[in-house]
Amino acid sequence: MSSCSAWITFVVIKRVSAPGCLAIVIMTAGEPFTAADIMSRDLITVGPEADLAEVADHFRARGFASVPVVAPDNALLGVIFQIDLIRRAREDAFQSGQSLISSLATAVDDHRATPLTAADIMRRDLPKVSEAT
């Protein structure tokens with residue numbers, strides 16, 4: 001019988017002192033690192049009043065899988081994942097009898113009488129950690 005060890009490797013891209021320069025750091029399980037080492041910075045965000053057309057544009061134009069929703073003081077209020085748009089469209093499709101595609105188009109239509117906003121579908125129950133975690 002043989003045994004094997006599994007090693008998890010993290011590739012961390014860090015900003016260094018010179019503007020515009022990045023450093024790639026390879027870390028393996030067992031090496032200490034913090035949330036600050038692996039978190040994203042300089043995020044594209046939306047406010048809670050942003051309509052879903054704007055959110056969908058971020059997903060489409062930038063290839064994002066999620067968009068943080070922040071207050072005017074940049075406090076994190078929630079996150080919208082692509083699947084949240086799809087789930088909302090699915091719920092609307094069941095209620096209206098429309099197809100999923102039609103419901104998705106309606107959900108992100110910024111010309112509708114009452115446009116849906118980021119606050120309507122964002123996830124609020126997010127785990128939070130400090131940079132030092």
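Guide: Ile 83, Ile 86 and Leu 100 make up a nonpolar surface patch, and together they have about 230 Å² of accessible area. Patch residues have over 30% relative accessible area and no salt bridge; nonpolar side chains (Val, Leu, Ile, Met, Phe, Trp, Tyr) are joined within 5 Å, like charges within 9 Å. A salt bridge is a side-chain nitrogen of Lys or Arg within 4 Å of a carboxyl oxygen of Asp or Glu. Accessible areas come from the Shrake-Rupley method with a 1.4 Å probe, and for residues only the protein chains shown count as cover.

Visitor: Is this an experimental structure or a predicted one?

Guide: This is a predicted model: local features need pLDDT of at least 70, side-chain atom pairs count only at pLDDT 80 or more, and totals for chains, interfaces and linings use all residues. Residues are numbered from 1 along each chain as its sequence is written, and side-chain values use heavy atoms, with hydrogens and water left out.

Visitor: Where is Ile 83 found?

Guide: Ile 83 is in helix H3, residues 82-96. Helices (H or I, at least four residues) and strands (E, at least two) are DSSP runs, numbered from the N terminus.

Visitor: Which residues of H3 are buried?

Guide: They are Asp 84, Leu 85, Ala 89, Asp 92 and Ala 93. Buried means under 20% relative accessible area, exposed over 50%, and partly exposed in between (1.4 Å probe, protein chains only).

Visitor: What do those buried residues pack against?

Guide: The buried residues of H3 pack against helix H2 (52-62), strand E4 (76-81), helix H4 (100-107) and helix H5 (118-121). Contact means heavy atoms within 4.5 Å.

Visitor: Ser 103 next. Buried or exposed?

Guide: Ser 103, in helix H4, is buried, because its relative accessible area is 1%.

Visitor: What does Ser 103 touch?

Guide: Leaving out residues up to four places away in sequence, Ser 103 touches Ala 89, Asp 92, Ala 93, Ser 96 and Gln 98. A polar atom of the Ser 103 side chain lies 3.2 Å from the backbone nitrogen of Ala 93.

Visitor: Now Ala 119. Which helix is it in?

Guide: Ala 119 lies in helix H5. Its relative accessibility is 24%, so Ala 119 counts as partly exposed. Ala 119 and Val 79 are 40 residues apart in sequence and 9.4 Å apart in space, C-alpha to C-alpha.

Visitor: And how many helices and strands are there in the protein?

Guide: The protein has five helices and four strands. From the N terminus on, they run β-β-α-α-β-β-α-α-α.

Conventions
A polar contact is a pair of N or O atoms within 3.5 Å; within protein, one must be able to donate a hydrogen and the other to accept it, and residues adjacent in sequence count only if both atoms are side-chain atoms.
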